[in-house]
Amino acid sequence: MSAAPCTTGTPPLLLTVVHTSAALLAAGSLLGTLWHGLDERGIALAFGVLVTVGELTRWTGAEGREAAPLGAAAALSYALLGEDGGHPTHHGVLQVGAVVLAASLLGSVPHIARGRPVLDHLARRVLTVGFAAVCFQPLYNQGTFQGWGPGYALLLLAVLVLTALCDALLAAALAHSRTRWPFGPLLRDELRATLGIGSAVCATGAVMALAVAVVGLWALPLFSLPLLLTQMSLRRYAAVRTTYRQTIASLARATEIAGYTPAGHARRVAALSREVGRDLGLSEAELTVLEYAALMHDIGQLSLVDPVPAGATAELPVEEQRRIALLGGAVVRQTGVPPQVAMVVERLADPCPEQPVAARIVRAVNAYEEKARDAGPGGPLKALEELRLGTAGDYAPEVVGSLARVLSRDCLTWPVAG
Amino acid sequence: MEATPARARVYVACVALCALACLLPLLATATPTSWWAVALLAALYAAGEQIAARRRFVGTFYPVLLAGAFLLSPPAAALVAVPGALIAPVGGRPRLLRRVWRASQLVVAVWAAARVHGALGGRDTVVASDFPYALAPAGAAVLTFCLVLTALDGGILKLSERVPGRRAWRGLFLRSLAPIAVHGLAGLMMAVLWRSPYGSVAALLVLLPMCVSWWVFAQYHRERAAHQATIRALVQAVDIKDGYTRGHSERVGQASMMIARELGLADERVEVLRFAGILHDVGKLGVPTRLLRKNGPLTPEERQVIELHPEYGHEMVRGISFLGEARAAVLHHHERLDGTGYPYGLMGGQIPESARVVAVADAFDAMTSTRSYSRARPVSVALRELEKCAGSQFDPRMVTALARAVDRYGWHPAVTADEACTAPARPPAAGVPGAHR
């Protein structure tokens, strides 16, 4: 879910810079390779096929993380390939760029046909692979690394670590300029992802390059097998996460259908809470807990005999609020979501210094949503003002401040659920 | 497992003796150059097992063991497994016996694999990195490793838990062959890189992708379990609120699945229809509890409110994409073939197939389980009743399929553990006249 920024004028400068440099690099490599011709066609073909297969099996993950580990690893290992079965290779930076670009484009055809965005992905791939190749190929072709032995493996690893950092920076910059979310937390999430699947990609890239150097092209099919398995389980993991999210969202609708809360309330609170959480710099895992808790924050009302008028829990006495929160926590605990979610729901009505951040956010956003809902055109501003005044006891000042920032960015409209 | 049978203890002791015999040549003929390789691999294996146990990964660090088998002499390769297997935490008692068992089992298996690999000349192909010829001895070694491991496992299962031997063993072997083959590939790569000019550093890199693969796999299983728990919780909420016999939803799911199987549908559709059966009444969450549990006849207005539940249910599940045609079943499971059902009064073929399946399953379970307003009827009577209504209310095809399936497999509704042990005191409830007849 993401808020649609209301100012959609010219694309941001950063985005243009990234895309232009990627396009320049791509054009340069293609022209250079056309001029010189291909060195070692067999190797180029083998790696090209691997990159294409990797791209074909790519999918757009819910969180936009590396979704084509096989393609990325194959491209990186081609950039870092020094020998083939003991014989030195001669392909340079330009050929690496051209082969990877052509293979990625070929592999992206089905994705383009289905109208999925591939531009950012391609730009990232070309730039990171170009970076790795520029670090390695010129020095290798001059013969600098001859006889390094184990040091050579460490060198490859070092280049790949640098490349991964560069890629994380690039991904965070692209996400920042697309969404206007704060850069710091985006970079942190990217780096965390780099530690997980990113490290596997880098290690596989290095091992593939080394293995091809030792045993020749036989290493490619042997090595892609474990990575292909990883890719498959990643894909299934993403699928099950998506269905899980949908199930939770449906569960949250139970209160709306039963007439306890107005339609769309839980979804709006969840979307806005996520925005505020992102603005406050929560990590991706914390954002998931926050979103689930926000979706289910009213579920305790299912245990009530009589519905609260219009589901407006923020107006109830504190004791009653706390009772509903505890009931909700009990229901949430039964549903098998992570226990942190139940804890957040349980503590929604506690005094705010004792609450976890997620509970503070859901409480403030819920109150804002209830106050602003039926108040007409001036409602949002008035509701925000009321929250500010109530800040001392009930609502955390930093959360209200962040909520005001998010709302002003979104022009005080409801976030559009994505 | 408190009382381990004496036969099992003797068996473990025998295998441990075999393991010691495998390790014995080390005292006489160890080449000093290979000691550090053994130490490094053993430390790696021990650390990997510790991490795997703490993070609850599925699978063990076989690549390290197999790399040892491809690199070292049989006794030295067998030694690699010992520290890790002895240190790593075990689930259940008796701890010492289990640790000894695991260590000796691995020692024997690794020794046999290394022996086969050496006999086929595998060590030379690894040193010369002679592909694809290095694959044959490695494949044979992996097969041996898997055979020995599962044979020993089958033996202990037969002795301690009295599982019939051959069938248990075949299942074990087939299940573990594919993962161990992948581990073997990684082990072979480790061995080849270890012997290459790039040395052990490059070999260690092979493990990183494997670890990430395990991690993702573990995450997937955790998330899937959580998802299923959520759906179950949803269903139980309906069952409690409704005051029917518990497990109605699960049983309708099972009956729907039987019908779907009998119709020869594809496996995915069978699974979706099971979900359709389980979730068919989820909309009752939206109906006031007071109405659902009302004692005595309902007024027309009250009946109208209750008849909204398919639409409520559809409203709830329509956002869950994996449910597919189950969503249509939730909306239309009270339609009748003659067009007098609700909510839309669809006729015949207008009613989605999934809904026609669930309608039959729902009515069948309603008749064969005890309700507060009616006693359970025998299965044969219920089937006759369904056949009587086939054509007007139910699709005859589904009714015949159910009758055939029940005839073939019987009707044994599975009562899950939690339902059996917390049998609820059923509140007095008037059911929903018209909902099931």
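Predicted model: local features only at pLDDT ≥ 70, side-chain atom pairs only at ≥ 80, totals over all residues.

Entry 1, chain B. I looked up helix H5 (residues 74-87) of chain B against helix H6 (residues 95-119) of chain B and got an angle of about 155 degrees, with the axes 8 Å apart. That makes H5(B) roughly antiparallel to H6(B), because angles over 145 count that way. By the rule above, the crossing of H5(B) and H6(B) is right-handed.

Which residues meet there? On the H5(B) side I found, among them, Ala78(B), Ala81(B), Val82(B) and Ala85(B), and on the H6(B) side, among them, Ala103(B), Leu106(B), Val107(B) and Trp111(B). Sorted by class, this contact has 16 nonpolar, no polar and three charged residues.

I checked H13(A) with helix H14 (residues 379-389) and read about 135 degrees between them, axes 8 Å apart. That makes H13(A) oblique to H14(A). Their crossing is right-handed. From H13(A), Ala364(A), Ala367(A), Tyr368(A), Lys371(A) and Ala372(A) take part, and H14(A) brings residues including Gly379(A), Leu384(A) and Glu386(A).

What is buried in helix H12 (residues 339-346)? I got Val341(A), Ala342(A), Val344(A), Val345(A) and Glu346(A). The buried residues of H12(A) pack against helix H10 (284-295), helix H11 (318-334) and helix H13 (357-373) of chain A.

How values were computed. Residues numbered from 1 in each chain as written. Chains lettered and ligands numbered in written order. Heavy atoms only, no water. Buried < 20%, exposed > 50% of the residue type's maximum accessible area, 1.4 Å probe, protein only. Helix = DSSP H or I, 4+ residues; strand = E, 2+ residues; numbered from the N terminus. Contact = heavy atoms within 4.5 Å. Axes fitted to C-alpha atoms, helices over the stretch in contact; angles between N-to-C directions. Parallel < 35°, antiparallel > 145°, perpendicular 65-115°, else oblique. Left-handed = near helix turned anticlockwise from the far one by under 90°. Nonpolar A, V, L, I, M, F, W, Y, C, P; charged D, E, K, R; others polar.
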